[in-house]
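Good morning, colleagues. I would ask you to keep the sequence and the coordinates in view while I speak.

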Amino acid sequence: MSDTEKPTAPAPEKPAASSAEADLTKYKTAADIVHQVTKKLIDLCVEGAKVIDLCVEGDKLLEQGTGAVYNKAVKGVRVPKGVSFPTSISVNNTVAHFSPLASDAQASQVLAKDDVVKIQLGAHIDGFASISGETIVVGANAENPVTGRRADVLKAAWTAAEVAMRTLKVGNKNWAVTEIVARTAATWDCKPVEGMLSCQQTQNVIDGKKRIILNPSESQKRDFEGATFAEGEVYGIDILISSGEDGKARLEESRTTIFQRDSSVTYQLKAKNSRAVFSEVQRKAGAFPFNIRTLEDEKRARMGLQEAVQHSLVKPYEVIYTPANTFVAGFHFTIALLPAGPSLITHPPIWYKPELVKTEKELEDEELKSLLARNLRESKKSKKKAKKSEEGGDGAAEE
């Protein structure tokens with residue numbers, strides 16, 4: 001949505017504003033669908049529920065939801081829409097992207113009481129994607145709240161998400177978000193998961209150039225590009241916090257099932273099957289991540305994707321894990337940096353409420369407490385008061 005080369009003459013800006021408004025409506029329509037699907041999935045996340053069934057149901061509901069809107073052709077062309085991120089249900093120390101196939105050994109996994117469950121999914125309208133993620137604990141309620149390290153990691157993740165939203169302001173740098181998320185998580189002796197990325201979004205792009213990294217390694221710190229947030233930009237922010245001591249994660253036995261075409265890479269695939277599978281991916285998923293189960297023949301798809309992955313035409317969303325007996329909590333939100341201030345596109349979490357999470361530690365950092373006390377978007381009255389305070393010195397602080 002950001003356009004740094006707009007003409008300065010006032011007349012041409014009107015259509016751009018109208019276009020930006022239409023784009024925002026598409027983002028928000030997708031967000032409403034994601035919210036309704038997430039709500040249904042949370043109701044289904046009970047003891048004994050099969051993870052694969054939840055993932056399949058989530059994707060089915062996303063397709064139904066997007067299928068019911070924007071059905072009028074524009075200039076004879078149908079508006080593209082659908083899944084922008086396949087439903088993944090990642091439990092306990094599984095960081096993200098877990099969405100097994102029926103043929104996988106882990107297809108039999110079921111939810112158990114006290115499991116820390118991360119639900120992530122996304123939809124798009126005309127390439128404008130809203131992706132959301134939240135964490136629940138199976139069986140927890142006000143009478144039986146979450147305690148111990150599960151509570152710590154949940155509280156740390158949601159507080160870090162709230163702090164990140166308020167730091168994602170026009171003129172701020174990406175490293176400011178990295179630092180403040182780590183500082184917040186430390187309150188509950190938790191760490192952001194190493195190397196996790198949040199990215200700028202534009203039409204048909206969820207992994208744009210401007211990025212935020214969590215808990216970077218020394219080499220990542222050296223190589224990672226600094227960026228300044230600008231008005232009109234949209235970001236998908238992924239806050240993943242571990243109860244482990246260093247936030248490091250690794251690959252285990254889970255097979256990757258979620259992939260995404262990389263439109264910046266061109267390569268002529270050699271194998272006939274690889275070309276056929278890649279063509280199916282382009283037709284069904286376009287620029288967005290997809291689960292292998294959406295392709296016609298799973299075995300053929302796996303073989304065909306090997307060459308595409310090898311030459312970076314398609315990138316894998318690997319399933320990674322923190323050490324056993326640790327927990328990961330995550331919140332993902334889509335946010336727009338509008339002229340009046342940051343605006344949350346996706347909805348706030350459905351399940352998370354302070355009374356469900358009981359921790360022994362509380363936030364004591366005065367700067368963070370002050371940041372959290374502010375509204376995400378300052379009202380005009382607050383802005384006027386702040387301006388008066390700057391101009392009038394001490395006297396302006398009086399009511």
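L337 stands opposite P342 in strand 14. The two strands concerned, strand 13 and strand 14 (residues 341-344), pair in the antiparallel sense over four bridges, and they form a hairpin with two residues between them. Strands here are DSSP runs of E with at least two residues, helices are runs of H or I with at least four, and both are numbered from the N terminus. Two strands count as paired if DSSP finds at least two bridges between them.

A word on provenance. This is a predicted model, in which local features need pLDDT of at least 70 and side-chain atom pairs count only at pLDDT 80 or more, while totals for chains, interfaces and linings use all residues. Residues are numbered from 1 along each chain as its sequence is written, and side-chain values use heavy atoms, with hydrogens and water left out.

To stay with strand 13, residues 328-338: eleven of its eleven residues are buried, where buried means under 20% relative accessible area, exposed over 50%, and partly exposed in between, with a 1.4 Å probe and protein chains only. V328, G330, H332, T334, A336 and L338 point one way from strand 13, whereas A329, F331, F333, I335 and L337 point the other way. In a regular strand the side chains alternate between the two faces of the sheet. Strand 13 also pairs with strand 7 (residues 234-242), in the antiparallel sense and over nine bridges; there, F331 is the bridge partner of I239.

Strand 2 is joined to strand 1 by eight bridges in the antiparallel sense, with V117 as the bridge partner of V91. Strand 2 also pairs with strand 3 (residues 128-137), again antiparallel, over ten bridges, and I119 stands opposite E134 in strand 3. In the hairpin of strand 2 and strand 3, D126 takes a positive phi near 55°.

I turn to the nonpolar cores, each a set of buried Ala, Val, Leu, Ile, Met, Phe, Trp, Tyr and Cys residues joined through side-chain atoms within 4.5 Å. The largest has 77 residues, and those with the most contacts inside it are L111, V117, L154, L168, I239, I241 and W351. Helix 3 (residues 148-167) gives the most to this core, with eleven residues. A second, separate core of 15 residues includes L101, V277, A285 and L305.

Next, helix 6. Helix 6 (residues 272-285) has 14 residues and reaches 20 Å from its first C-alpha to its last, close to the 20 Å expected at 1.5 Å a residue; the expected span is 1.5 Å times one less than the number of residues. Which residues of helix 6 are buried? They are S274, V277, F278, E280, V281 and A285. They cover an arc of only 160° around the axis, which puts them on the same side of helix 6; the arc is that of the directions from the helix axis to the C-beta atoms. The face turned away from the buried side of helix 6 carries the exposed residues K272 and R283. The buried residues of helix 6 pack against strand 9 (258-261), strand 10 (290-291), helix 7 (298-310) and strand 11 (314-317), contact being heavy atoms within 4.5 Å.

Four bridges join strand 9 to strand 11, and K315 is the bridge partner of Q260. A301, R302, G304, L305, E307 and A308 are buried in helix 7.

Finally, S312 is found in the loop between helix 7 and strand 11. S312 has a positive phi of about 65° although it is not a glycine, and S312 is partly exposed, with a relative accessible area of 39%.
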